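I open this notebook to record what I looked up in a structure that is new to me. The entries follow the order in which I worked.

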Amino acid sequence: MRALLIRVVCVTALLSCLFVLCYAYSSQISEWVTALSPGCVFRRLTGIKCPGCGGTRAFKELLHGHIIEALRYNMYWLPSFFILLQELVVRVFRISCETHPRYYRSVYVPSLKAFALITILWVVLRNVFDC
């Protein structure tokens with residue numbers, strides 16, 4: 001139990017430091033992200049917007065603390081954030097179907113299925129209705 005608490009505190013401290021650094025250097029990071037971003041290769045090849053189109057601009061807006069503007073660029077980052085957070089929890093706490101079968105069956109697997117459905121719906125809505 002003590003090792004688990006230490007792991008949680010370390011991960012929380014690491015994420016907090018990362019957030020503070022990103023916010024402190026947000027303008028610098030924004031320039032780096034813009035310079036390194038190749039644009040959407042999927043869209044260039046197919047002409048269809050992928051789920052991540054606008055994600056770089058949304059990320060830059062988030063770094064500046066503009067949540068509403070980030071949502072306008074790409075709403076898909078919100079469910080993605082929660083799935084990534086869940087993945088972090090699963091990895092940190094070493095949750096598996098053997099160690100926590102109830103959580104795994106009732107929460108983890110259904111949330112991944114819901115995320116897959118959200119991804120498909122987002123691609124369709126985004127390209128049919130130009131969201």
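This is a predicted model: local features need pLDDT of at least 70, side-chain atom pairs count only at pLDDT 80 or more; totals for chains, interfaces and linings use all residues.

Entry 1, a cysteine. I began with C53, which counts as buried because its relative accessible area is 8%. I use buried for under 20% relative accessible area, exposed for over 50% and partly exposed for values in between, with a 1.4 Å probe and protein chains only. I then looked up C50, which is also buried, at 16%. I found zero disulfides in the structure; a disulfide would be a pair of cysteine sulfur atoms within 2.5 Å.

Residues are numbered from 1 along each chain as its sequence is written, and side-chain values use heavy atoms, without hydrogens and water.

I counted seven helices and zero strands in the protein chain. Both are DSSP runs numbered from the N terminus, helices being H or I with at least four residues and strands being E with at least two. Of the 131 residues, 21% are buried. Among contacts (heavy atoms within 4.5 Å) with a separation of 6 or more, 55% join residues 24 or more positions apart. The accessible surface is about 9600 Å², and carbon and sulfur atoms hold 71% of that surface; the method is Shrake-Rupley with a 1.4 Å probe, and for residues only the protein chains shown count as cover.

I asked which residues of α6 are buried. They are W77, S80, I83, Q86, E87, V90 and V92. I also checked the length of α6: its 16 residues should span 22 Å at 1.5 Å a residue, and the end C-alpha atoms are 22 Å apart, so the two agree. The expected span is 1.5 Å times one less than the number of residues. Just after α6, R94 has a positive phi of about 50°.

I recorded L15, L18, L78, F81, F82, L85 and L88 as a surface patch with about 600 Å² of accessible area together. Patch residues have over 30% relative accessible area and no salt bridge, with nonpolar side chains (Val, Leu, Ile, Met, Phe, Trp, Tyr) joined within 5 Å and like charges within 9 Å. A salt bridge is a side-chain nitrogen of Lys or Arg within 4 Å of a carboxyl oxygen of Asp or Glu. Helices α1 (2-24) and α6 (77-92) each supply at least two of the patch residues, and α6 gives the most, with five. L18 lies in α1 and is partly exposed, because its relative accessible area is 49%.
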